[in-house]
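Me: I would like to learn how to read the features of a protein model, one at a time. Could you take me through this one?

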Amino acid sequence: MQIYWTKINQIIEETPDVKTYLLDRPEGFEWEEGSHTHMALEGFNAGEKPNRSLIRHMSISTLPHENSIGITTRIREQCSEFKSILRNLTVGDEVAIFKTHSNVPLKREGKNVYLLSSGVGLATFRPLVLDFFNREEGVNRIHSLNVDSSNAFLFPDVFEPAPDRKFTSRFVDNRNDYYEEVKDLAADKEGLFYVVGSDEFLKQNIEVLRGEGIRPDQIMLDKREGQLPEFLQVDLTV
Ligand SMILES: Cc1cc2nc3c(=O)[nH]c(=O)nc-3n(C[C@H](O)[C@H](O)[C@H](O)COP(=O)(O)OP(=O)(O)OC[C@H]3O[C@@H](n4cnc5c(N)ncnc54)[C@H](O)[C@@H]3O)c2cc1C
């Protein structure tokens with residue numbers, strides 16, 4: 001396993017409690033849209049075993065052509081050791097990244113794509129939307145729906161509706177409006193539904209989508225293949 005130590009080159013205050021850390025792109029570091037990586041802080045591998053409290057999974061919110069690795073995260077006042085250290089890092093400080101993989105690349109199967117997310121889950125989808133803007137081939141259109149109770153929505157420049165580019169987007173600040181819209185979107189019985197958020201959020205979305213007749217193979221989750229059955233169990237009873 002290759003560990004890349006890299007420097008923070010910019011910190012963007014997206015909203016009062018969400019920051020994007022832009023990291024230098026190390027030589028040979030590649031990724032595709034929908035990727036997540038392991039981000040680790042100084043000292044994580046100092047002992048015999050890696051110190052898990054200094055490591056977190058993080059999506060990469062940028063694309064390689066932007067030439068920086070973007071990590072977008074919410075840091076609340078009450079936060080973990082990992083986030084309280086991260087909060088105090090500044091430009092020039094180093095972090096480690098390793099084990100990078102995409103579970104949710106943009107499928108180019110001629111379908112409509114629905115990106116359903118909660119809060120900073122939108123970070124996972126930013127590169128999918130940019131990838132679509134770069135190349136529309138094989139994707140009919142994309143619609144993003146994000147729910148964030150803080151009412152401070154992320155990446156307004158990218159997630160601005162652009163109907164002429166076959167991209168629409170909506171932000172809502174409560175779960176009722178959110179699930180009403182998910183039901184409306186599920187009227188598209190051949191659409192592809194990507195869902196990113198907490199496990200509880202995934203389970204609720206799957207329940208609503210399945211209730212509307214969406215099949216498990218139309219639902220994309222940011223989970224390893226081995227974890228999918230826990231969420232998308234196919235009912236084998238006839
Ligand atoms: C594939 C994948 C991709 C991911 N991508 C991202 C991503 O792009 N961005 C991202 O932010 N996360 C991402 N995550 C989740 C990430 O790995 C962390 O689990 C998440 O950010 C929570 O971080 P944390 O454990 O450091 O807790 P925190 O965010 O610090 O805390 C979690 C919750 O616990 C509360 N809390 C924490 N400590 C205390 C305390 N001492 N007292 C009281 N309350 C407390 C906080 O208020 C908060 O509500 C991803 C996970 C996976 C599996």
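Reply: Let us start with touching: two residues are in contact when they have heavy atoms within 4.5 Å. Keep in mind that this is a predicted model.

Me: Which residues does S61 touch, not counting residues up to four places away in sequence?

Reply: With those set aside, S61 touches T20, G70, I71, T72, A123, R126, P127 and F155. S61 itself sits in the loop between β4 (55–59) and β5 (68–74), and its side chain makes a polar contact with the side chain of T72, at 3.0 Å.

Me: Is S61 buried or exposed?

Reply: A residue is called buried when its relative accessible area is under 20%. S61 counts as buried because its relative accessibility is 2%.

Me: How is the chain divided into domains, and how should I read the area buried between them?

Reply: The size of an interface is often given as the accessible area lost when the parts come together. Here the chain is divided into domain 1 (4–101) and domain 2 (111–231), and about 1,300 Å² is buried between the two, with carbon and sulfur atoms giving 59% of that area. On the side of domain 1, the residues that lose the most area to domain 2 are E33, S61 and R74, which together make up 31% of what that side buries.

Me: How many salt bridges does the rule find across the interface of domain 1 and domain 2?

Reply: The rule finds two salt bridges across that interface. As for R74, its side chain meets that of D148 in a salt bridge, with 3.2 Å from N to O.

Conventions
Residues numbered from 1 in each chain as written. Predicted model: local features only at pLDDT ≥ 70, side-chain atom pairs only at ≥ 80, totals over all residues. Heavy atoms only, no water. Helix = DSSP H or I, 4+ residues; strand = E, 2+ residues; numbered from the N terminus. Buried < 20%, exposed > 50% of the residue type's maximum accessible area, 1.4 Å probe, protein only. Polar contact = N/O pair within 3.5 Å; in protein donor to acceptor, adjacent residues only side chain to side chain. Domains from an automatic or database assignment. Buried area = accessible area lost by both parts, 1.4 Å probe. Salt bridge = Lys/Arg side-chain N within 4 Å of Asp/Glu carboxyl O.
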